[in-house]
Amino acid sequence: TAEPSFPGPALAAGFGQGSPAIGAAGLVPAAPGAGGTEGSGAAGGSARIAAKKAQLHSSPRPKKLEKLGVYSSCKAEGPCKCNGWKSQNPPPTPPQTDQQTNTVNLQEPCRSCSHTLGDHVTHLEHVSEEEMNRLLGIVLDVEYLYTCVHKEEDADTKQVYFSLFKLLRKSILQMGKPMLEAQETPPFEKPSIEQGVNNFVQYKFSHLPSKERQTIMELAKMFLNQINYWQLETPSQRRQRVPNDDAAGYKANYTRWLCYCNAPQFCDSLPRYETTQIFGRTLLRSVFTVMRKQLLEQARQEKDKLPPEKRTLILTHFPKFLSMLEEEVYSHSSPIWSQDFLVGAAGGQIPIHTGKTHPHTHTPVLGEKRKASEPLHHEENKRPRILGDIPMDLINEVMATITDPVAIPETSLLSAHSARDEAARLEERRGVIEFHVIGNSLSQKPNKRILMWLVGLQNVFSHQLPRMPKEYITRLVFDPKHKTLSLIKDGRVIGGICFRMFPSQGFTEIVFCAVTSNEQVKGYGTHLMNHLKEYHIKHEILNFLTYADEYAIGYFKKQGFSKDIKVPKAKYVGYIKDYEGATLMGCELNPSIPYTEFSVIIKKQKEIIKKLIERKQAQIRKVYPGLSCFKDGVRQIPIESIPGIRTRAGNQKELKDPDQLYSTLKNILQHVKSHQNAWPFMEPVKKTEAPGYYQVIRFPMDLKTMSERLKSRYYTTRKLFMADMQRIVTNCREYNPPESEYYKCANILEKFFYTKIKEAGLIEK
């Protein structure tokens, strides 16, 4: 099938946004409990709830105490089992904020237990207004879910709403944050829908010119946005439509979608995720056919409302885009769903952002953040080249040879220079081994398989750690506060890492780490630790602490641990368990690193650099004729006169004396830093001040970093020094609009810099 041609960048931002809900499965979600029939849409429901919360937040403190008292257990002395204050003149159930009286009497007795309202809210006396407002937000979410439970007709949906209702109710009583208790946490499948579509755009359209590629990206954004606001059909409706489908699998995903994506749109006290970021191909396959049909039908119905240029894009090119994507969604061999999919287009991976944009209150260091509608990429021919940059066309060409299975056969992956975890990664990809985070629970019905795995872990730890008391191992493995990342092979446990998370302190303690003796030296230990690192990055805990004995220190060093502890001592003293004769070691995680794929990335980078060097060598490899001057009696010639020793002679001067070069560059940099227009570039850009900066700028640079590089003698040539300075200027121009103050500072500083370079004689005047 010939690939369709996609014209220029003009494109509708999308259709269907703001449309009414259209039933159980539709383009815009109805409010929970509405069953898709009220037509209110997400925006209306959320806005009404937000308005109620704002009204309640502005109420006097006694009014807030009265509201929270309804959901607070009695604190009076003596046995009182009342779990919420009830007024003598109760309002309709559930209580509403607009039903309050003008005055609040903390001495008013409870209709249930006769104790006063004050007895129910004594625990709130010293609570801050911020915390009070947070709890009141949960109260309104509880009342909204209460309504949803009674209005909802579908049994599966009603059960989920009721579970969320109880969870939030418990959070108010315990004054904690709502945390969904589940064996699995987002994301539920890798790669995600967003990543898969991203890979699809890269896989099919990376060869297109920049303008056409931008059009494809907009089509992809439109599609992903529709999924994020798509109302899934209930499991019972799906069973009627597709009787032979995997009902249990769909119900599990539907429940997750309700808990993590749908309900949090209206109950913002629950953590919210985008559908496209936590679900993968399994969910996409279950909705794609129906969604594609309804999207195209709606496009045809609304075609007369679209401008002519957008009509062609949506009616002609969007169907082609969906058809091509459908092939990849249902194909069993599509590469876009591989976690090893290697991106190699101009500009790197195409960022298709689908989440809601929130207004930033910070002022970016290098200027105002560009608007969301502006593209993140410039055309390659418009982007200024920096000294030392490699053309993207050349990188694309090299990447094609790196990813070509003919060029790099599978057997080379397990060469003598392979990474430690390479064999384990291949086994996981083939399904030979699995990794599961498991733990014991005192509140949920025990799962037989998990209990068997816990027993297996206890046996592995006891056997591999003979100096550790068996009773102690058993107690920690089965302690509900501890979790274990288990390594499963052929249905049995062969290794694991037992740990305890301390989110409030910002670290996790690794208690036991072992792999059964007959499965060692296969890279399982490294791959286990890499999975543990990624699990903690998802849960925003970026520090490990552990006590390692003399036999384990070597292993932990290889995994990035050191004796230099980054966690302040006050954070872990009294929390972590002390072991006599062991060494405390720590590891700080980098959330930007995909640890399970890190060695693959490094290997591919090495291959790319190797190929680039080979190509450069091929270009400069030139055979010169031999020297014939000695036949004529010449006994001695200058070395630089030999052909090939110095291939080009120019006016640009390179200082050969390292100390002289250092002194010259130091003087130039000092003048640049002292310039009145250098203030925006003195230090690295802070993420808190420019949240999107590092998504736009791939190679940041600043004057402080240049000073550190100069001090470490990094600048062995003037070219390296000039390249870093040019990088500062180019980054500023790429991120900031031309009319901004930062853009003007960059222009002035650049002219001043080259003036100083010329004065130093490093380039021709």
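A contact here means heavy atoms within 4.5 Å. This is a predicted model, where local features need pLDDT of at least 70, side-chain atom pairs count only at pLDDT 80 or more, and totals for chains, interfaces and linings use all residues. Residues are numbered from 1 along each chain as its sequence is written, and side-chain values use heavy atoms, with hydrogens and water left out.

**Exercise 1.** Work out what share of the contacts with a separation of 6 or more comes from residues 24 or more positions apart.

*Solution.* Take the contacts in the protein chain with a separation of 6 or more; residues 24 or more positions apart account for 72% of them. For burial (under 20% relative accessible area, 1.4 Å probe, protein chains only), go through the 765 residues: 43% count as buried.

**Exercise 2.** Sort the lining of the second largest cavity by class.

*Solution.* A cavity is a set of points on a 1 Å grid over the protein atoms alone where a 1.4 Å probe fits but cannot get out, and lining residues have an atom within 4 Å of a point. Among the lining residues are Pro 235, Arg 238, Asp 245 and Tyr 250. By class, you get 5 nonpolar, no polar and 4 charged residues; Pro and Tyr count as nonpolar, Asp and Arg as charged.

How values were computed
Buried means under 20% relative accessible area, exposed over 50%, partly exposed in between (1.4 Å probe, protein chains only). On a 1 Å grid over the protein atoms alone, a cavity is a set of points where a 1.4 Å probe fits but cannot get out, and a pocket is an open set with protein on both sides within 12 Å along at least five of seven lines; lining residues have an atom within 4 Å of a point.
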